[in-house]
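Here are some notes to read alongside the structure. Take them in order, with the model open beside you.

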Amino acid sequence: MIYIVIIAAVLALCFAAFNYMTVKRMPEGTEEMQEIAGAIRVGANAFINYEYKILYTVVAIVAVVLLVITTWHAAVALIIGSVMSGCAGFVGMKIATYANVRVSNRARETKDIGETVKVAFQGGSVMGLCVGGFALLGLFIVYMVFGIGMGQLEITEASYTNLIGLSFCPFTMTLSGYALGCSMVAMFNRVGGGIYTKAADMGADLVGKTEVHIPEDDPRNPATIADNVGDNVGDVAGLGSDLLESYVGAISSGIILAYHMFSKSLAEGTGMSNDLLKTLVLFPLIFVSIGLIASCVGIASLIFRKKPSENPHKSLNGSTYLASGLTIVLGLVVSWLMFGGYESSSLRNILGFQCGWLSSWIAATVGVIAGIAIGMIAEYYTSDEYRPTRDLAHASLEGAALTITQGLALGMKSCMLPCLILGAGIIISYSVSGMYGVAMAAMGMLSFVTATVSVDTYGPISDNAGGIAEMSKLDPQVREITDTLDSVGNTTAAIGKGFAIGSGALAALALMISYLYSYNDFSTELVLNLMEPMTLAGAIVGGALPFLFSGILIEAVAKTARSMVNEVRRQFKEIPGILEGKAKPDYKTCIEISTKGAIGEMRVPALLAIVVPVGCGFVFGPEFVGGILIGSTICSIMIAIFAGNSGGAWDNGKKYIESGHIKGAGKGSPAHDAAVVGDTVGDPLKDTVGPCLDIFIKIMSTVSLVTVAVFAENNLAAVITGLFG
């Protein structure tokens, strides 16, 4: 059955290549449109090339460290993971810079929303298909080369001894290395891209909209090209790498947990067979492969539809619901084929499968339903079709202070329901399928990630298309179409962020269990006592970490945005004729400010997720790090949901006013100015802080899992206890 994985991966990548070439063959429009799109493309390529040089230098250093402290297999797998994730981000960004101008041109030629949505979605689908395709291709290589080729699947004990004399179970360490490689690319792309895009966006808005009162994406604004470049590097390359890492993390957590459950079964004498272990390892891979095939069907249903709907939201939701529904139906078949041959009593006694062969499918389905429910809640709080965002827009009539106050309240209130759903998902999946079920719920939530990323990437492509339409002075009707698409894109982005943090929390929990297994005797009860002082102290420190991480990110965005604001003001002052349209702004300098600012400011937050758990592990030991993981995961969930929903609502509230839905409060009015301030406050929250936090908790969990074997016995606290004990 493993060949289903490579079939799904190749199908997705071939479909991605088809969509890439189809979009690229479409006409680009006028000469001015082509010139603007070319400038965006050059800026995006320059950033990603510069970032990847630094990224792969860091990857090489970490690979050498892994080679010494873990296994050479993990080091090689880390490189494979980083290459797969890097390729997905690069290809997705490239097509976004080609698709944006084609979307503008299709709107210009047809004046039809449905036809324009198809082009934007077809461009976005390349990113989604590459996420699923490259992730599974890498996992297939790791499984075949290390698992089967080198016989690691058969080794269930910590029998591999490395260069410094530590012993590991080889396949779980190799898989952890692959996941860590994906996490590193996600951290760089999300943090670097997030700082870049929001610094440029804030700089453009603060001077252009609120000071000189020119429209968004006006070609007279020197920061507009940098702003549009940022959409591609942050919201496309960053988004793709982020969800690829979530996808791989969810799959890996289930496989790693299966090995630890096998060792525990041996210690307790419950009788798990090698054959059952192989089934537990293979099930997540087959389930997500079926999900990838279902996503291809969902994507095709929209792309090849002859007469697309004039309601973009309906079209995009239809594609996602078809993918998720097919995944659930086909997943039932997979569960029966893989677990149907085992006795129900054996599955219940060994694994805690209370419903026999149905158990794993129920847990995965719980994840799918939870993901959709969290997405619907995000849609309710961020879409201007519902009351919360409309009330927020009306608050702008009373000034910027009340706009910000109500937006904060909206974001905070929006945390409750997703957390209840996550809690219910954990309880149900655990009750039905044990701890393996929690990992399957995380995997289920992301099993159709290809469809959700395709819908997410449609958003920044539409945003870019609107910018090109504005800068090319196209018919106002074209901008109305792209603004409609962009508003829907803000909502789909909030839904995607809900998926990411929800699955991240579930995957982090499964990795947490594997972390505890890694340093505890399998014959003892697996308990992390929160009332033990070292663990409680770790939980308090861990709870503060996401706030520190978020604060550093917001400060980094503000610092770079300040430089951008000063540059835009300088150009308006020193280059005569810009505001009259008689002179061209210096776009290149603004792009350089965002690029240097993003790369320079991302180092500290990116290193925080790696250095803190390892450093604390060597000083305070594994219980302290366990507390850190619990505290940081819980707080990150709240902050990420709050940041994503409040930022999305501020953005759509602004667009609601710009669309003329509030009488006497159109563009340029005091209410619009207040809404722009709210949107600017929300920018670093929804596009930098929120998306980066799910990576933060997963990379901390993965790093802790990889290094716990080293610091479990070799830490300062253990030395001091030994001396005075």
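This is a predicted model: local features need pLDDT of at least 70, side-chain atom pairs count only at pLDDT 80 or more; totals for chains, interfaces and linings use all residues.

Is the crossing of helix 12 and helix 20 left-handed or right-handed? Keep that in mind; point 2 has the answer.

1. Now for the opening question: helix 12 and helix 20 make a right-handed crossing. Their axes come within 8 Å, and the angle between them is roughly 40 degrees. Angles under 35 degrees would count as roughly parallel, so this pair is classed as oblique. On the helix 12 side you'll find Ala400, Thr403 and Ile404, and these meet Ala674, Ala675, Val677, Gly678 and Val681 of helix 20. By class, that contact has 6 nonpolar residues, 2 polar ones and no charged ones.

2. Ser414 sits in the loop between helix 12 (400–413) and helix 13. Is Ser414 buried or exposed? Its relative accessibility is 0%, so Ser414 counts as buried. Setting aside neighbours within four places in sequence, Ser414 is in contact with Tyr381, Ile641 and Asn645.

3. Follow the chain on into helix 13 (residues 416–446), and look at how it packs with helix 7 (residues 274–303): the angle is about 20 degrees and the axes are 10 Å apart. The two helices are therefore roughly parallel to each other, and helix 7 passes helix 13 in a right-handed crossing. Helix 7 brings Leu280, Phe283, Pro284, Phe287 and Val288 to the contact, and helix 13 brings Tyr436, Met440, Met443 and Gly444. Sorted by class, that makes 8 nonpolar residues, 1 polar residue and no charged residues.

4. The crossing of helix 4 past helix 14 is right-handed. The class count is 11 nonpolar, 9 polar and no charged residues.

5. Most residues other than glycine have a negative phi. Lys111, though, has a phi near 55 degrees, a positive value in a residue other than glycine. Lys111 lies in the loop between helix 3 (72–110) and helix 4, and with a relative accessible area of 32% it is partly exposed. Lys473 also has a positive phi, near 55 degrees. Where is Lys473 found? Look in the loop between helix 14 and helix 15 (476–519). At 63% relative accessibility, Lys473 counts as exposed.

6. Leu55 is in helix 2 (residues 31–69), and at 0% relative accessibility it counts as buried. Which residues does Leu55 touch, not counting those up to four places away in sequence? They are Met184, Val185 and Phe188. Val185 is 130 residues from Leu55 along the chain, yet the C-alpha atoms of the two are separated by 7.2 Å.

7. Ala17 is in helix 1 and, at 41% relative accessibility, counts as partly exposed. Ala17 and Cys130 are 113 residues apart in sequence, but C-alpha to C-alpha they are 9.2 Å apart in space.

Terms used:
Residues are numbered from 1 along each chain as its sequence is written. Side-chain values use heavy atoms; hydrogens and water are left out. Axes are lines fitted to C-alpha atoms, for helices over the stretch in contact, and angles run from 0 to 180 degrees between N-to-C directions. Helices (H or I, at least four residues) and strands (E, at least two) are DSSP runs, numbered from the N terminus. Angles under 35 degrees count as roughly parallel, over 145 as roughly antiparallel, 65 to 115 as roughly perpendicular and the rest as oblique. A crossing is left-handed if the near helix is turned anticlockwise from the far one by less than a right angle, and right-handed if clockwise. Contact means heavy atoms within 4.5 Å. Ala, Val, Leu, Ile, Met, Phe, Trp, Tyr, Cys and Pro count as nonpolar, Asp, Glu, Lys and Arg as charged, and the others, Gly among them, as polar. Buried means under 20% relative accessible area, exposed over 50%, partly exposed in between (1.4 Å probe, protein chains only).
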